[in-house]
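I'm opening my notebook on a structure that is new to me. I'll jot down what I look up as I go.

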Amino acid sequence: QKDKMNLNQVIEEIEALLHAEASHSNIELIIEKDPNLQDLMLNDKEIKQLILNLTRNGMESMTSNGPGTLYIRTLQEEDAAVLEVQDTGHGIPKNKLDHLFEPFYTTKPSGTGLGLAVCLSIVERHQAKIDVRSEENVGTPFTIRFNTLEEASKHQPLVEAQKCRR
């Protein structure tokens with residue numbers, strides 16, 4: 001189930017938890033929210049899970065490197081609301097980037113390999129796109145682009161028409 005809401009609002013609902021986890025891991029957390037962000041049709045529980053998975057991965061990548069900075073940003077682009085989670089961790093080697101979203105693929109000694117696979121399924125259920133770029137010893141930004149409400153509403157009549165035909 002999805003409701004019309006704003007990504008900034010979802011972040012605010014878990015902001016205290018994010019700051020507590022960052023503080024516990026000796027990581028600086030910087031949250032930058034675009035005040036012009038458009039509302040989207042979101043499942044808030046899934047989006048919270050997405051943000052928590054990405055931020056925890058980012059924090060884990062930095063704890064072995066000493067203190068770091070984790071950025072959570074929202075940005076309104078012309079046709080998309082963008083969520084970015086970026087760490088200043090050790091980065092992901094190029095030969096591992098292609099496998100990141102595969103279930104049970106992990107680079108962590110105690111990882112299950114399900115965190116990013118879950119993230120991908122959440123992104124896909126929201127008809128969004130996820131992009132990851134990484135540079136070793138610099139960090140990794142995960143960028144999720146959600147079609148804005150106007151764009152998504154263009155597709156709504158097709159869904160309704162398909163339901164009527166059945």
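I started with the fold and counted five helices and seven strands in the protein chain. For my own record, helices (H or I, at least four residues) and strands (E, at least two) are DSSP runs, numbered from the N terminus. Along the sequence I read the pattern β-α-β-β-α-β-β-α-α-β-β-α.

A note on the ground rules: this is a predicted model, where local features need pLDDT of at least 70, side-chain atom pairs count only at pLDDT 80 or more, and totals for chains, interfaces and linings use all residues. Residues are numbered from 1 along each chain as its sequence is written, and side-chain values use heavy atoms, with hydrogens and water left out.

Next I checked burial. Of the 166 residues in the protein chain, 42% are buried (under 20% relative accessible area, with exposed over 50% and partly exposed in between; 1.4 Å probe, protein chains only). I also looked up contacts, meaning heavy atoms within 4.5 Å. Among those with a separation of 6 or more, 71% join residues 24 or more positions apart.

Then I went looking for aromatic pairs and found one in the whole structure. Phe101 and Phe142 sit edge-to-face, 6.4 Å centre to centre with 90° between the planes. The cut-offs: rings of Phe, Tyr and Trp (its six-membered ring) pair if their centres lie within 6.5 Å, and planes under 30 degrees apart count as stacked, over 60 as edge-to-face and the rest as tilted. Phe101 is in the loop between α3 (94-97) and α4 (115-125) and Phe142 is in strand β7 (residues 140-147), so the pair ties together parts 41 residues apart in sequence. I noted that both Phe101 and Phe142 are buried.

Which residue did I pick in strand β2? I picked Leu29, in β2 (residues 28-32). Leu29 counts as buried because its relative accessibility is 11%. Leaving out residues up to four places away in sequence, Leu29 touches Leu18, His19, Ala22, Leu70 and Ile72. From Leu29 to Leu18 I have 7.9 Å, C-alpha to C-alpha, and 11 residues in sequence.
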